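Me: I've just opened this one and want to talk it through. Can you walk me around it?
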Amino acid sequence: MSGSDAPATNAYWGRGGLEEKILDALAAAGKNVDALTIDDLAPADQFHGGGKGATERLARLAGLKPGTRVLDVGGGLGGPARTLAGQFGCRVTVVDLTEAYVRTGAALTARLGLADGVTHRVGDALALDVGAEPFDVLWTQNSGMNIADKERLYAGFARVLRPGGLLVIQEPMAGPVQPVVFPVMWARDARASFLRAPDAMRALIEAAGFQARAWEDVTDEIAGPGSAAAIPAHSVQRIIMGEALDAIVRAGQQNRAERRIVMTQAVLERRAAPASAPPPRTSG
Ligand SMILES: C[S@@+](CC[C@H](N)C(=O)[O-])C[C@H]1O[C@@H](n2cnc3c(N)ncnc32)[C@H](O)[C@@H]1O
């Protein structure tokens with residue numbers, strides 16, 4: 001079965017010399033790159049609205065405990081994964097289709113001495129190949145926006161989670177006002193952006209075998225910066241998007257203010273049996 005368009009994904013998200021660019025930007029911001037902490041790195045490796053604070057919020061919403069086995073799908077440079085390992089004691093496998101992120105993420109994880117808790121692999125969210133042992137948690141933050149076939153995406157998430165395991169998501173979704181104004185962080189135009197409304201998302205995820213424990217609109221709480229000028233040079237958004245970021249931030253403000261895009265954080269439990277399975281027979 002075919003998966004995502006890996007060359008297109010790598011062309012859009014990937015950048016050469018990324019580790020060096022990140023370290024240079026952090027050094028210029030006054031960080032000691034030979035003794036980096038999770039917090040030092042956070043502006044440069046948490047690639048989603050709300051930054052590290054949003055990751056911590058989501059981890060608390062899910063009630064993550066030490067020892068939890070987490071699969072972070074579309075985990076990018078690994079900022080969220082290192083937070084889950086370093087602050088919440090989780091053991092995290094990061095899968096991402098962008099090879100430069102996987103390489104750079106692994107180097108940053110080693111630099112922070114977290115290689116025992118975080119591993120990085122190239123992989124496609126639509127064709128997860130992560131071994132036979134199911135995970136306790138499937139974590140995914142701002143990573144499904146380029147993926148049209150969301151039914152297949154969430155069915156695949158259910159497949160790699162143990163029954164009772166948690167699907168933990170932060171995801172931009174289509175707001176009540178349409179269309180989306182472009183460019184957005186994940187797409188220059190509508191051809192690469194696939195958002196659905198929160199109600200439709202919740203229905204399709206539940207149909208894939210999940211039951212919602214928490215479903216929260218966090219659009220206002222984790223709003224992005226007021227202006228592009230407020231985004232520092234060592235932020236991942238600036239490092240990856242360069243000058244294109246200014247138009248992205250302007251469109252982002254309009255999309256948020258006019259409710260064209262909303263942000264959801266949610267925790268859903270994988271049901272013991274797929275939602276479509278018939279109820280068990282009772283005897284007697
Ligand atoms: C905005 S970044 C978010 C990265 C990370 N989740 C974070 O919050 O820091 C979106 C990520 O989704 C990844 N991605 C997009 N499509 C993917 C796919 N089909 N399979 C795996 N990763 C994908 C990109 O490579 C990129 O790293």
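Me: Let's start with α3: how many of its eight residues are buried?
Reply: Six of the eight, so α3 is largely enclosed by the rest of the structure. Keep in mind that this is a predicted model.

Me: Which ones are they, the buried residues in α3?
Reply: Ile38, Asp40, Leu41, Ala42, Ala44 and Asp45.

Me: And what covers the buried residues of α3?
Reply: The cover includes α2 (18-28), along with α4 (51-62), α5 (79-88), α6 and α9.

Me: OK, zooming out. What does the secondary structure come to?
Reply: Ten helices and seven strands in the protein chain.

Me: How much of the chain is buried?
Reply: Buried residues are 51% of the 284.

Me: What share of the contacts comes from residues 24 or more positions apart?
Reply: 78%, counting contacts with a separation of 6 or more.

Me: Now the inside. Which residues touch the most other members of the largest nonpolar core?
Reply: Ile22, Phe47, Trp186 and Met241, out of 36 residues in that core. The elements giving two or more residues to this core are α1 (6-13), α2, α3 (38-45), α6 (99-111), α9 and α10 (245-257). The largest share comes from α2, with five residues.

Me: What does Trp186 touch?
Reply: Leaving out residues up to four places away in sequence, Trp186 touches Tyr12, Trp13, Met145, Asn146, Pro172, Ala192, Ser193, Leu195 and Ile261. There is also another core apart from the largest one, with 27 residues, among them Ala125, Ile147, Met201 and Ala208. As a rule, in soluble globular proteins nonpolar side chains tend to be buried together.

Me: Switching to loops. Where is His234, and is it buried or exposed?
Reply: His234 is in the loop between β6 and α9. It counts as buried because its relative accessibility is 14%, and the cut-off for buried is under 20%.

Me: What is His234 in contact with?
Reply: Aside from neighbours within four places in sequence, His234 contacts Ala25, Leu26, Ala29, Pro43, Ala44 and Ile239. Ala44 is one of the buried residues of α3.

Me: And Ser235, which residues does that one touch?
Reply: Pro43 and Ala44, again not counting residues up to four places away in sequence. Ser235 sits in the loop between β6 (210-217) and α9 (236-241), and it counts as buried because its relative accessibility is 4%.

Me: What about Gly74, where is that?
Reply: Gly74 is in the loop between β1 (69-73) and α5. At 24% relative accessibility, it counts as partly exposed. It touches Val95, Asp96, Gln141 and Ser143, leaving out residues up to four places away in sequence.

Me: How far apart are Gly74 and Gly144?
Reply: They are 70 residues apart in sequence and 7.8 Å apart in space, C-alpha to C-alpha.

Me: Backbone check now. Which peptide bonds are cis?
Reply: Gln178 to Pro179 is cis, with omega near 5°. The bond joining Phe182 and Pro183 is cis too, with omega about 5°. Pro179 is in the loop between β5 (161-174) and α8 (198-207), and Pro183 lies in the loop between β5 and α8 as well.

Me: What is phi for Asn142 and for Arg259?
Reply: Asn142 has phi near 50°, and Arg259 has phi near 55°. Most residues other than glycine have a negative phi, and most peptide bonds are trans.

Technical notes:
Residues numbered from 1 in each chain as written. Predicted model: local features only at pLDDT ≥ 70, side-chain atom pairs only at ≥ 80, totals over all residues. Heavy atoms only, no water. Helix = DSSP H or I, 4+ residues; strand = E, 2+ residues; numbered from the N terminus. Buried < 20%, exposed > 50% of the residue type's maximum accessible area, 1.4 Å probe, protein only. Contact = heavy atoms within 4.5 Å. Core = buried A, V, L, I, M, F, W, Y, C linked by side-chain atoms within 4.5 Å.
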